[in-house]
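Please look through the sequence and the model shown here before reading on. The paragraphs below are meant to be read with the structure in view.

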Amino acid sequence: MTRPFLTIEREGGLVLLTMDEPATRNALSRPEQCADFIAAIEAINGDDGIHVAILTGAGPAFCAGGNVRDMQSRQGLMAGGPTDIGERYRRTLQRLALALHGLEVPVIAAVNGPAMGAGLDLACMCDLRIASTAATFAETFVRLGLVSGIGGAWFLPRAVGHARAAEMAFTGRVIDAGTALDHGLVSEIVPADRLMERARTLAEEIARNSAPALRYTKRLLRLSERSDLAGCLDATAALQTLAHLTPEHAASVDRYLEEQAARRATRRPSPA
């Protein structure tokens, strides 16, 4: 039986997704890898107990992008003629992109090493990106005479702005974690041996919040990418109405008022 490309670990309301083919630096080269991603995302979306996800890579790399040897031999995703290749992209990598972008819970990319080509694009599909000091990033497609087949021309400008995205896409230049932080591609850098600890700490902070509110908030953030203010406000009114009626909202309000009362009690002067 073939070992899954994506390993899945559940820790309470957190799901850890690990691309687990270190021998290929977690390169994306086969349809079944995309199927693993899509199945995992569908399962997360259908589980109301999941609040947040982390995506990372096993071994020294986050994801090396496409498998260059497969490109040379025209195997895997690159097999066949023009129609075959185009349809395979639509059915595999592009379905993966739509699924990961449509993941309903917040997702943190814990970038442990090189994120090259499609690997960078995967990281850009996530809501938050934390980099190890060993992480590097590049939109390498032009160096191989290609374009991003997984949506990099859409995702990268939204992560770093048009000018930075154009520079990275036109040069294929590799940038280190410090430059990625300067570009706004990642929100923080941590030592390699603390990356997963920091990712889990952030995930746990997020997971303490209401699961419906997290999903509604992410839905509104995604909607804001393609709607005007009026349309976004209409959607906000609808989702806020639903949020007001959830048990999680009632419990959060009760907890907040209890905490405020406890703080006031500790500030009261002791009777003489």
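Predicted model: local features only at pLDDT ≥ 70, side-chain atom pairs only at ≥ 80, totals over all residues.

Residues are numbered from 1 along each chain as its sequence is written, and side-chain values use heavy atoms, with hydrogens and water left out.

The protein chain holds 12 helices and nine strands, where helices (H or I, at least four residues) and strands (E, at least two) are DSSP runs numbered from the N terminus. Taken along the principal axes, its C-alpha atoms fill a box of roughly 85 × 45 × 40 Å. Of the 272 residues in the protein chain, 44% are buried; buried means under 20% relative accessible area, exposed means over 50%, and partly exposed lies in between, with a 1.4 Å probe and protein chains only. Among the contacts in the protein chain with a separation of 6 or more, 69% are between residues 24 or more positions apart, a contact being heavy atoms within 4.5 Å.

How are helices α1 and α4 placed relative to each other? Helix α1 (residues 31-45) and helix α4 (residues 93-101) pack at an angle of about 25°, with their axes 9 Å apart; the axes are lines fitted to C-alpha atoms, for helices over the stretch in contact, and angles run from 0 to 180 degrees between N-to-C directions. The two helices α1 and α4 are therefore roughly parallel to each other, given that angles under 35 degrees count as roughly parallel, over 145 as roughly antiparallel, 65 to 115 as roughly perpendicular and the rest as oblique. Their crossing is left-handed, which is the term used if the near helix is turned anticlockwise from the far one by less than a right angle, right-handed being the term if it is turned clockwise. In this contact, C34, F37, I38 and I41 of α1 meet L93, R95, L96, A99 and L100 of α4. The residues of the contact divide into eight nonpolar, no polar and one charged, with Ala, Val, Leu, Ile, Met, Phe, Trp, Tyr, Cys and Pro counted as nonpolar, Asp, Glu, Lys and Arg as charged, and the others, Gly among them, as polar. The buried residues of α4 are L93, L96, A97, A99, L100 and H101, and they pack against α1, β3 (52-57), α3 (82-91), α5, α6 (152-160) and α10 (211-224).

Helix α5 (residues 118-125) is largely enclosed by the rest of the structure, because eight of its eight residues are buried. Helices α5 and α6 pack at an angle of about 55°, with their axes 9 Å apart, and are therefore oblique to each other; α5 passes α6 in a left-handed crossing. On the α5 side the contact is made by L120, D121, C124 and M125, and on the α6 side by G152, F155, L156 and A159. These residues divide into six nonpolar, one polar and one charged. In helix α7 (residues 162-171), A165, A166 and M168 are buried, and what covers the buried residues of α7 includes α5, α6, β8 (175-176) and α8 (177-183).

There are two aromatic pairs, counted where rings of Phe, Tyr and Trp (its six-membered ring) have their centres within 6.5 Å, with planes under 30 degrees apart called stacked, over 60 edge-to-face and the rest tilted. F5 and F37 form a tilted pair, 6.3 Å centre to centre and with 50° between the planes. F5 lies in the segment before β1 (6-11) and F37 in helix α1, so the pair ties together parts that are 32 residues apart in sequence. Both F5 and F37 are buried. The rings of W154 and F155 have their centres 5.2 Å apart and their planes at 80°, so this pair is edge-to-face. W154 counts as partly exposed at 36% relative accessibility, whereas F155 is buried, with a relative accessible area of 8%.

Some backbone angles also deserve a look. R25 has a positive phi of about 60° although it is not a glycine, and N26, also a residue other than glycine, has a positive phi near 60°. R25 counts as partly exposed at 37% relative accessibility, while N26 is buried, with a relative accessible area of 0%. Just after α7, G172 takes a positive phi of about 70°.
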